[in-house]
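Hi everyone, thanks for coming. Let's have the structure up on the screen and walk through it together.

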Amino acid sequence: MSASSPELASPSSVPAADAASAAPAVTPVRVLLYSDDVAVRDAVRVGVGRRPAKDVEIVAWHECATPEAVIEQADAGGHDLLILDGEAAPAGGLGLTKQLKNEIFDCPPVIVLTGRPADGWLASWSQADAAVPHPLDPLQLCATIAEVVRTHIA
């Protein structure tokens, strides 16, 4: 059989469109992150990185340290996901979540960082879409972000 025989197709002869269609689509996500504690904000950003999952990419982080800034930014729009620290002071992320969900039309999904696993009921009360307890586990946080994005954004 000669090299020009059309009977055998080499992997390089597969059209690029077919290879691209096999790859999962990536959902770009812009995140608003709230905590009064810079260490918590750093732990979230570093723990999540740019790709919490193969199909989810964080394209922008906007950090807020005050509840007023969160309300202003959420009201302005432009964020796909909000991550709010339930242990922040003077206003925790749980109360802010309740306020945002009740006051902002088409509020983006919210993940709250709770003080402990038993605070899940507070997350439900606040209308949060998901909750991750302190101490933060990067794997759990990434999995939660990916699940929320797939369910509410993608």
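Let's start at Ile83: leaving aside neighbours within four places in sequence, Ile83 is in contact with Val31, Leu32, Leu33, Tyr34, Val44, Trp61, Ile111, Leu113 and Ile145. Contact here means heavy atoms within 4.5 Å. Before going on, a word on what we are looking at: this is a predicted model, where local features need pLDDT of at least 70 and side-chain atom pairs count only at pLDDT 80 or more, while totals for chains, interfaces and linings use all residues. Residues are numbered from 1 along each chain as its sequence is written, and side-chain values use heavy atoms, with hydrogens and water left out.

Now, which residues have the most contacts inside the largest nonpolar core? They are Leu81, Ile83, Ile111 and Ile145, in a core of 20 residues. By nonpolar core I mean a set of buried Ala, Val, Leu, Ile, Met, Phe, Trp, Tyr and Cys residues joined through side-chain atoms within 4.5 Å, and buried means under 20% relative accessible area (1.4 Å probe, protein chains only). The largest share of this core, five residues, comes from α6. Apart from it lies another core, with 17 residues, including Cys64, Leu84, Val110 and Ala123.

On to the sheet. Helices (H or I, at least four residues) and strands (E, at least two) are DSSP runs, numbered from the N terminus, and two strands pair if DSSP finds at least two bridges between them. Five strands form an open sheet with parallel pairing, in the order β2-β1-β3-β4-β5. Because β2 (56-64) and β5 (130-133) stand at the edges with a single partner strand each, one side of each has no neighbour in the sheet. Strand β1 (residues 27-34) is joined to β2 by eight bridges, and Val29 stands opposite Ile58 in β2.

What packs on this sheet? Helix α2 (residues 38-48) does, touching β1, β2, β3 (81-85) and β4 (110-114). The axes of α2 and α6 come within 9 Å and cross at roughly 75°; axes are lines fitted to C-alpha atoms, for helices over the stretch in contact, and angles run from 0 to 180 degrees between N-to-C directions. So α2 is roughly perpendicular to α6, a word used for 65 to 115 degrees. Val44, Gly47 and Val48 of α2 meet Pro138, Leu141, Cys142 and Ile145 of α6 there.

Last, the cysteines. Cys64 is buried, at 3% relative accessible area, and Cys107 counts as buried too, at 13%.

Note on methods. Buried < 20%, exposed > 50% of the residue type's maximum accessible area, 1.4 Å probe, protein only. Parallel < 35°, antiparallel > 145°, perpendicular 65-115°, else oblique.
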